[in-house]
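Please keep the sequence and the 3D view at hand while reading.

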Amino acid sequence: MKVGFIGFGHMAGAIFKGLVNSGFIEPREACGCASDYDKLVARTPGIHVMRTPKEVAQEAGIIFVCVKPGQVEEVMAPIKDELIGCIVISVAFGVDFDEYERIFSGLRKEDVAAGMEIPASRIKHISIIPNTPCEVCQGITICEEKNNLSDPELEIVKSLLKKIGRVEFLPTEKMWLAGELTSCGPAFAAMFIEALGDAGVKYGIDKDTAYRIVSQMVAGTGQLQIETRKNPGEMVDEVATPGGVTIKGVTALREADFHQVVGRAIDAIEGK
């Protein structure tokens with residue numbers, strides 16, 4: 001089944017590379033379109049580049065919708081007939097199952113607000129929130145529990161997404177917050193890697209080595225927590241033994257309100 005991409009920014013590129021790196025597809029087994037056709041041709045060798053979303057819908061059986069949230073309706077509504085028979089996987093943050101059903105029904109937001117019932121569409125779709133580490137098959141994808149896929153179709157989606165990392169299903173009201181943690185989190189983690197690595201550079205380690213060893217430490221610590229399911233606080237205590245060197249650094253981070261600083265990043269996203 002050919003995989004298609006409508007929109008091909010950073011997230012679509014990460015998913016595509018992850019699927020290729022995992023061996024799930026060859027580049028020639030994917031197709032995609034973007035607003036800049038020539039740029040997509042130049043930077044994505046091997047993929048079948050198309051000029052319109054309609055062409056992608058006609059070619060692919062599994063379609064990732066990777067346009068900006070505000071563009072979903074204008075891009076997807078005109079091709080809804082071509083999407084029948086496809087599995088649509090939306091990566092557009094904030095556009096959930098019910099909103100897609102409204103778009104595919106042709107109803108306006110005002111109609112729904114006025115109480116008009118949204119008819120069930122014939123298009124099979126699910127909304128997800130992946131993150132950039134899926135490029136190296138170490139991602140985490142949050143999936144909306146509410147979808148209209150059959151059991152076999154859902155298994156296809158799960159098997160595909162598991163090729164590029166872990167998969168978690170959450171109810172709609174929780175998935176967007178979880179997505180903020182996982183999709184914004186790589187930027188925060190990269191800032192921590194940069195800061196800790198630069199501290200090593202300050203005291204004589206070359207930058208490439210510092211970033212490499214810190215990145216491996218972060219990856220390993222995350223894997224340790226996943227496999228042991230230990231409370232992170234317990235993991236801190238296991239390293240920060242009384243009178244040791246680690247507790248000095250931990251104390252400095254606590255005095256700088258490290259938890260509060262990180263929490264404020266999510267507060268800012270939530271508008272609080």
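## A loop residue with positive phi

D257 is located in the loop that joins α11 (245-255) and α12. The model is a predicted one, and in it the phi angle of D257 is near 60 degrees, a positive value in a residue that is not glycine. In general, most residues other than glycine have a negative phi. With a relative accessibility of 38%, D257 is classed as partly exposed, because that class covers values between 20% and 50%.

C137 also has a positive phi without being glycine, here near 65 degrees. This residue sits in the loop between β6 and β7.

## Helix α8

Helix α8 comprises 31 residues, 172-202. From its first C-alpha to its last it reaches 45 Å, which is close to the 45 Å expected at 1.5 Å a residue. A bend of about 50 degrees occurs in α8 at G185, and the proline P186 follows within four residues. After α8 comes G204, with a positive phi near 115 degrees.

Which residues of α8 are buried? They are M175, W176, A178, G179, E180, T182, G185, I193, G197 and G200.

## Strand β6 and its partners

Strand β6 is largely enclosed by the rest of the structure, because five of its six residues are buried. It pairs with β5 (residues 87-90) in the parallel sense over four bridges, and S90 stands opposite S127 of β6. With β7, the pairing of β6 is antiparallel and runs over two bridges; here I128 stands opposite C143 of β7.

Since K124 lies in strand β6 and E153 in helix α7 (residues 151-162), the pair ties together parts that are 29 residues apart in sequence.

## Salt bridges and a buried charge

How many salt bridges does the structure hold? There are nine. In one of them, E73 joins R102, and the closest N and O atoms are 2.7 Å apart. Because E73 belongs to helix α4 (residues 72-76) and R102 to helix α5, this pair links parts that are 29 residues apart in sequence. E73 is partly exposed, with a relative accessible area of 34%, whereas R102 is buried, with 2%. E73, E99 and R102 are linked in a network of salt bridges.

Another salt bridge connects K158 and E155, whose closest N and O atoms are 3.7 Å apart. These two residues are three residues apart in helix α7, so they are separated by about one helical turn. K158 is partly exposed at 24% relative accessibility, and E155 is partly exposed at 46%.

E101, in helix α5 (residues 97-105), is buried yet has no salt bridge. The nearest side chain of opposite charge is that of K146, 8.1 Å away; this pair does not form a salt bridge because the limit is 4 Å. Leaving aside neighbours within four places in sequence, E101 is in contact with I118, P119, A120, S121, H125 and N148.

Note on methods: Residues numbered from 1 in each chain as written. Predicted model: local features only at pLDDT ≥ 70, side-chain atom pairs only at ≥ 80, totals over all residues. Heavy atoms only, no water. Expected span 1.5 Å × (residues − 1). Bend = angle between axes of the 7 residues up to and from the residue. Buried < 20%, exposed > 50% of the residue type's maximum accessible area, 1.4 Å probe, protein only. Lys, Arg positive; Asp, Glu negative; His and termini not counted. Contact = heavy atoms within 4.5 Å. Pairing = 2+ DSSP bridges.
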